[in-house]
Structures are given as structure tokens and as C-alpha cells.
Amino acid sequence: MIPFEYLRAGDPAEAVAAVAGRPGAAFLGGGTNLVDHMKLGVAGPDLLVDVSRLPLDRVEETAGGLRIGAAVRNSDLAAHPLVRERYPVLARALLSGASGQLRNVATTAGNLLQRTRCPYFQDVTTPCNKRVPGSGCSAAGGYTRYHAILGASEHCVATHPSDMAVAMVALDAVVAVLGPGGARTLPLAELYRLPGDAPQRDTVLEHGDLIIAVELPHLPFARRSAYRKVRDRASFSFALVSVAAALDLDGGLVRDVRLALGGVAHKPWRATRAEAELRGGPATEDAFRRAAEAELAAARPLPGNAFKVAMTRNAVVATLRALAEEGR
Amino acid sequence: MRVNVHVNGEPMVADDVWEGESLLYVLRERLGLPGAKNACEQGECGSCTVYLDGITVCACLVAAGQAEGREVVTVEGLSEGRARRRGGAHDRNPRPDPDADGVAGPRLDRLDEVQRCFVEAGAVQCGFCTPGLVVQAHSLIASASRVPEDAEIREALAGNLCRCTGYEKILDAVRLAAARVHARAAAEDARTVPGGADD
């Protein structure tokens, strides 16, 4: 680990100023990803600005929704009564991620901004365009079981590892950001980028931008929502494929739906094509399958992960079928 | 930098700490508490699990500065009954009866119930994962309002790797400890709550 300085910020503005004023500085939340990366040599900030004790650790009720402070721990958020009642998909996604010890420490904003677990990204002895732009992609032609089938580029086929973010993207979450130029909000779905020719940038945030909260809008039918995660072992494993869904039924018809996919792309993938296909149509297994296939028409699997196309389709169908049965 | 931290109920100070040190390093190398083990250093194995402000964390991923002013309980602290979580079944757990376990060994009478059950169930092989498992199991049992089901135990221990035992005896130990701690808590309730014995 290279030498660095440590500063505990007193308030968000001080934290933003400290990081914005130094190109090599980074925010430190729970540290479960960044501290690991510093040991691996993946990250080498020369100043850590600790934001984990800022007064951003509350979950507040808004008009029918919730505002989740950036420093709220994953385990606390998963256990929050209003999250469990209004957004069960989020509680389930959180509890399907990491281990108990890590959820106890990991923060909401840190979870959103965690980096890919592509083994080549984390191995500094191999080329990786995300870690060292222009060095090449070792995953193309390498081990691609956990890699993207949607939205990838020749420069990067990595996936975003978060479960929580998949649920939040499905729920139309909005991110509140404090930056050197002031405060702003943006939809979580627009926070993330596809890799294109600049895979080193996971998000649209600029240096010094600090996420201070995530807002979940009023979405009454999210009370009927679910998260299904397919993985290589039953716990403490990243998703091969995951599905976050909320379903609003009107008799046998789909009045409205929210659908997002994890483990398939460089970002949590909002399945807008499938949603459009489903709205107003019958809540049947055939319709669910057609909607999943519409979304996956754009899939471009790699040699090592062609199975994920069928796996994603089946996971979507199974998730929606279970929600539809729950509603009968 | 200087790090002030309460460990196992005692205020402690570590001086000349480098910013890149972890809480685990401070505990083991500066404060003389080698119970938490240093294995993967990535948060994958759980060998370094300790309580930090009452919740379990991987001490290897906590930067030293982040521990400033906070309360840590390590596996060493459990044996003296210092891992207090308000409202948990362990809080009402009286000191083990020194004559009850019948197992020979140093200070077995001072061990926490989880530790005693690991010994009784033979849940220890090389022992490297044991302190982390004991702390994590302690947290599970202390925070649960009832005896956890096997699936809950497995999920709670998912972040603790053991390369020797195959986990079966570890599960035996946790089931045993959970049953004893909760039986004791129930007996305590029956004594202290009027009419509680009939509830």
C-alpha cells in the first residue's frame, strides 16, 4: 500500500472541498471495497477523506417515499421497517449481497460506487482498460462467466457487482449529489455509464462529487416486489444473473411493472423494452417470456457466458410468475 | 497518528500508527490482542471478525483512523463477558457454572457459552478460523429473539471460511450454544416476569 494521509471530514462541504482540491484524494465510506483495492494496488489515493461519520446515516420518510442517507449501513437499511414494508425488493437485494460482517459496514453510497469484481480488474499483473486505460482487456478471450451480455464494448466486458443498485434502479431511485459546484440530483439509472471507449469511468460523477442520499419515490405497487439472484453458491457470491421486479396487476392484466437486471451489464440494467412489452398485456408466463426475450434480443454473449441469456430469461419469468401468483 | 480505542472495556492508546494500518493490525501488533486472526486481508474469510460499536466487522478492512474513539470487543473480551448487546439473550446470561462443563482446560469457567460449545462439539481443528466464527456466532445468538434455524446460522456464518472441518461440527456448536443461551434466557424470564412461567 502506498503512503497516504487520512482526514475525518466534519461536514459534507468540508469533505467535498478536501477531495476536490486534490487530484489523488478519495472518499472513504465503509472501506470494504476501497481498502481492499488499496491493498491489492488497484487504487492508490494519497488522501483518504473519511465520510463514514458524517450525519448522513438516517432513513427519512418523504411524501410516500424514503430518503436514505449515504452513510446508512446496508444491514440497517435491509432491516428498516419501511424498506421491508414498501420496498421488499430492496431489503431482499441487500440481504443477498456480501456477508453479514460486510453488510454491517458497507454504506449506501459505497455500495452504489463499488467497482467491478472482474478478476482482471483486480489483478494488477494483467492488462485492463478499466484500471489502466489503453492497456487492453484480458477478459475478452479469458474467463467470462461473470461478465456482460448486454451493453459491453470491445474495451470492457465487466459487470457492475451491486445487488442493492439493481433494486434501486428498478424503483426509479434518484441520487442526491454534493459537488464542488453545489448540490444536484440525477436519476440513479443515469448515474451509471456503459463502458464504450472509456471504461475507466463507472459513473458520470466528477472528482469531488459526493453522493449524500438516495431518494426512493412513492411507488405503492412496490409492496409487491421481489429480488431473485442466481449464483454459484447459496450465499456470499456475486450474481451470475439477478432480477429486481415490482408488479401491479389489474385482474389478469399487467397495469404497471418495474424490471431491472443485475450481473448482465456494466451497469444495473433497467429492462425498459421488457416493461413496455408487459404493460397492458396479460400476466401470463408466455407474456413474461416474450418480454424477457424482447429485452435480450440485444444480448451479445461471450464464449464463456452464453448460458446467461437463457438464465436471465428464465429468472425474469420465474420472478414475474411468483409475483403474479402472490397477487392472486 | 495516535488512535484511541476502547477494547474489551479498557481505554487503549496506540501511538505512531501509520494511516495504512488496519484495525486488525493495531489490535494484534500494537495492543497485544492476537485473538482476531490475519488471513485473507480482503474481508472474504472472516478470521478477523470483531465487534465494532456492537456490530461484527472484518477488522482487516477497517482503516485504523476509522476506529478512533470507538468500542471494540475481540474474542479475548468474550471470555470475560464483555460483549454486551443491550436486549440480547447474552445480557441475561449468568456466568457459566465452573463445575458444569466437565471439560479440562485452562479457564474454561471463564469462557463464553459459544466458546464452551465449540470445545464441547469438537468444532475446532487447526483453530485459525475459530475466533472469527466464535465472534460471529456470538453476535447471531445475542441478537436473535429465538433459537435460529439452520438456514439462518448458515447465512450468518457465510462470511467465515473454515478449510478443515467441513462446518458440520461448527453448526453443531452454534446450535448447542443457541439452545443453551435461549433456554437460560427463557428460564430467567420465567423467574422475573410475573406469570411468565405460564406464558
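Which domains does the domain assignment of chain B give? I began there and found domain 1 (3–77) and domain 2 (106–192); such bounds come from an automatic or database domain assignment.

A note to myself on the ground rules: this is a predicted model, where local features need pLDDT of at least 70, side-chain atom pairs count only at pLDDT 80 or more, and totals for chains, interfaces and linings use all residues. Residues are numbered from 1 along each chain as its sequence is written, chains are lettered from A and ligands numbered from 1 in the order in which they are written, and side-chain values use heavy atoms, with hydrogens and water left out.

**Chain B, between its domains**

I looked up the centres of domain 1 and domain 2 of chain B, and 22 Å separate them, taken over C-alpha atoms. Their contact (heavy atoms within 4.5 Å) takes 13 residues from domain 1 of chain B and 13 residues from domain 2 of chain B. I noted a buried area of about 1100 Å² between these two domains, with 58% from carbon and sulfur atoms. Buried area here is the accessible area (1.4 Å probe) that two parts lose on being put together, summed over both. K37(B), Y51(B) and V75(B) supply 41% of what domain 1 of chain B buries against domain 2 of chain B, more than any other three residues. I also looked for salt bridges (a side-chain nitrogen of Lys or Arg within 4 Å of a carboxyl oxygen of Asp or Glu), and the count between the two domains is zero.

**Chain B against chain A**

Next I turned to the two chains, where 26 residues of chain B are in contact with 29 residues of chain A. About 2200 Å² is buried between them, 51% of it from carbon and sulfur atoms. This time the count is two salt bridges. One of them joins E41(B) to K39(A), with the closest N and O atoms 3.7 Å apart.

**Chain A**

For chain A, the assignment gives domain 1 (5–49) and domain 2 (226–326). I found 36 Å between their centres, taken over C-alpha atoms.

My last stop was S138(A), found in the loop between α8 (119–122) and α9 (164–170) of chain A. Helices are DSSP runs (H or I, at least four residues), and strands are too (E, at least two), numbered from the N terminus. Leaving aside its neighbours within four places in sequence, S138(A) is in contact with Y120(A), T126(A) and P127(A). How far apart are S138(A) and R86(A) in space? I read 42 Å, C-alpha to C-alpha, for a pair 52 residues apart in sequence.
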